[in-house]
Amino acid sequence: MQVTFENVKKVFDKNVVLDDISFEIPESELVTILGPSGCGKSTTLMLISGLMFPENGRILFGDKDVTEMDAMERKVGMVFQNYALYPHLSVLENIMFPLKMLKMPKDERVERAMELAKLVKIEGQVNQKPGELSGGQQQRVAIARALAKEPSLLLMDEPLSNLDARLRIEMREEIRRIQEETNVTTVFVTHDQEEALSISDKIMVLDKGYIQQYSSPTDLYNKPENLFVAQFLGTPIINTLTMTEALNLSSLAIDPTILKKAKTVAIRPENIFEVKDESEAFIKGTVRFVEVIGKNVTVHVDTEIGDIVATDLGFIHERGDEIMLGVNEEDLLLFDDQDLTIQRGVSNA
């Protein structure tokens with residue numbers, strides 16, 4: 001099932017939540033809608049589901065206009081942050097419940113529910129009640145129940161936010177596996193960039209009612225279209241500096257016409273390295289703080305134009321060390337006065 005938005009607008013109490021957005025979600029792909037709180041990502045999901053309706057624009061499933069169809073007519077599968085399982089029913093009965101509403105014969109719905117229990121690896125708990133399960137197991141039941149009616153579209157709204165860190169990693173891997181095995185078109189909403197980057201075919205970044213970028217996870221991270229996307233993705237956050245004489249730009253092979261347009265330069269922490277020759281240094285500074293978490297070492301450097309963070313310097317520095325930092329041209333991102341990217345690499349405007 002391909003999903004298409006054509007110039008969709010959604011307003012709440014005169015506040016424009018989505019402003020004339022258009023996009024396509026390809027059939028059989030897992031697309032994540034990512035963005036900060038209040039950006040419109042859950043609203044987009046509700047519009048796809050039929051639980052909300054737009055003020056303007058069209059929503060299509062394949063070639064079919066579903067703009068005015070309600071959720072029952074659209075027949076999508078939905079999984080929410082709140083698992084919403086029936087506590088008095090067993091796992092098997094919870095999975096079978098949508099099929100019971102469709103009046104499917106009992107033997108058929110038991111067979112279908114057991115198939116789904118195996119798919120989500122919960123077959124050993126089918127006779128237990130939800131209250132006897134862990135959060136991850138309950139979420140597996142919710143996914144199985146959403147898939148029971150064999151929907152052509154699966155919608156997931158922050159499905160992992162109630163789980164602990166280790167379980168979140170396990171369940172996001174499981175969601176990707178289930179999606180690939182069922183081949184169902186899936187729309188996944190999250191504010192967690194790591195979740196989005198790890199499981200998605202494509203990611204749509206929303207902010208202030210607009211699509212900031214819609215692309216593959218790799219392009220989103222390496223080729224952000226604007227400063228918001230560059231800063232929203234990446235841990236630690238990307239370094240952003242104003243264009244000043246403190247930056248030794250002459251050490252880099254950058255097209256002068258691009259430099260004239262640039263107002264902001266950004267460098268990801270992992271792309272910074274130490275140099276010994278001052279002529280090769282992009283910027284100089286003093287080590288202010290060193291953060292060591294297992295094998296991950298993050299160095300904070302004070303410079304005359306602000307703090308710079310580097311993560312792969314190769315060895316641990318001490319506070320107070322004078323340090324010269326270098327960067328490769330292709331790793332720099334330059335932005336104009338509208339915060340739009342004007343360089344990705346050496347001279348790609």
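Where is the place of Lys103? Lys103 sits in the loop between H3 and H4; the points below start from the overall model and return to that loop.

1. Basis. This is a predicted model, in which local features need pLDDT of at least 70, side-chain atom pairs count only at pLDDT 80 or more, and totals for chains, interfaces and linings use all residues. Residues are numbered from 1 along each chain as its sequence is written, and side-chain values use heavy atoms, with hydrogens and water left out.

2. Overall chain. The chain has 10 helices and 19 strands, where helices (H or I, at least four residues) and strands (E, at least two) are DSSP runs numbered from the N terminus. The C-alpha trace spans about 80 × 45 × 35 Å along its principal axes. Of the 349 residues, 50% are buried; buried means under 20% relative accessible area, exposed over 50%, and partly exposed in between (1.4 Å probe, protein chains only). The chain exposes about 17000 Å², and carbon and sulfur atoms supply 47% of that area (Shrake-Rupley method, 1.4 Å probe; for residues, only the protein chains shown count as cover). Among contacts with a separation of 6 or more, 66% are between residues 24 or more positions apart, contact meaning heavy atoms within 4.5 Å.

3. H3 against H4. Helix H3 (residues 91–101) and helix H4 (residues 106–119) pack at an angle of about 130°, with axes 9 Å apart. Axes are lines fitted to C-alpha atoms, for helices over the stretch in contact, and angles run from 0 to 180 degrees between N-to-C directions. H3 and H4 are therefore oblique to each other: angles under 35 degrees count as roughly parallel, over 145 as roughly antiparallel, 65 to 115 as roughly perpendicular and the rest as oblique. The crossing of H3 and H4 is right-handed; a crossing is right-handed if the near helix is turned clockwise from the far one by less than a right angle, and left-handed if anticlockwise. H3 contributes Leu92, Ile95, Met96, Leu99 and Lys100 to the contact, and H4 contributes Arg109, Val110, Arg112, Ala113, Met114, Leu116 and Ala117. By class, the contact has nine nonpolar, no polar and three charged residues (Ala, Val, Leu, Ile, Met, Phe, Trp, Tyr, Cys and Pro count as nonpolar, Asp, Glu, Lys and Arg as charged, and the others, Gly among them, as polar).

4. H3 against H5. H3 also packs on H5, at an angle of about 30° and with the axes 7 Å apart. That makes H3 roughly parallel to H5. Here H3 uses Val91, Asn94, Ile95 and Pro98, while H5 uses Val141, Ala144 and Arg145. The class count is five nonpolar, one polar and one charged. The crossing of H3 past H5 is right-handed.

5. H5 against H6. The axes of helix H5 (residues 135–147) and helix H6 (residues 165–182) come within 11 Å and cross at roughly 20°. H5 and H6 are therefore roughly parallel to each other. The contact residues are Gly135, Gly136, Gln139, Arg140, Ile143 and Leu147 on H5, and Leu167, Glu170, Met171, Glu174, Ile175, Ile178 and Thr182 on H6. Six of these residues are nonpolar, four polar and three charged.

6. H1. Helix H1 (residues 41–49) is mostly covered, with eight of its nine residues buried. The buried residues of H1 are Lys41, Thr43, Thr44, Leu45, Met46, Leu47, Ile48 and Ser49. Gly50, which follows H1, has a positive phi near 95°.

7. Backbone points to check. Lys103 has a phi near 60°, a positive value in a residue other than glycine, and counts as exposed at 73% relative accessibility. Lys14, in the loop between strand S1 (3–12) and strand S2 (15–25), likewise is not a glycine and has a positive phi of about 70°. Lys14 counts as exposed at 81% relative accessibility. A cis peptide bond joins Thr235 and Pro236, with omega about -5°; Pro236 is in the loop between helix H9 (227–232) and strand S11 (239–242).

8. Leu332 is in the loop between strand S17 (322–326) and strand S18 (333–335) and is buried, with a relative accessible area of 0%. Its C-alpha atom is 6.9 Å from that of Val265, 67 residues away along the chain. Glu274 lies in strand S13 (residues 273–274). Leaving aside neighbours within four places in sequence, Glu274 is in contact with Leu313, Phe315, His317, Ile323 and Met324.
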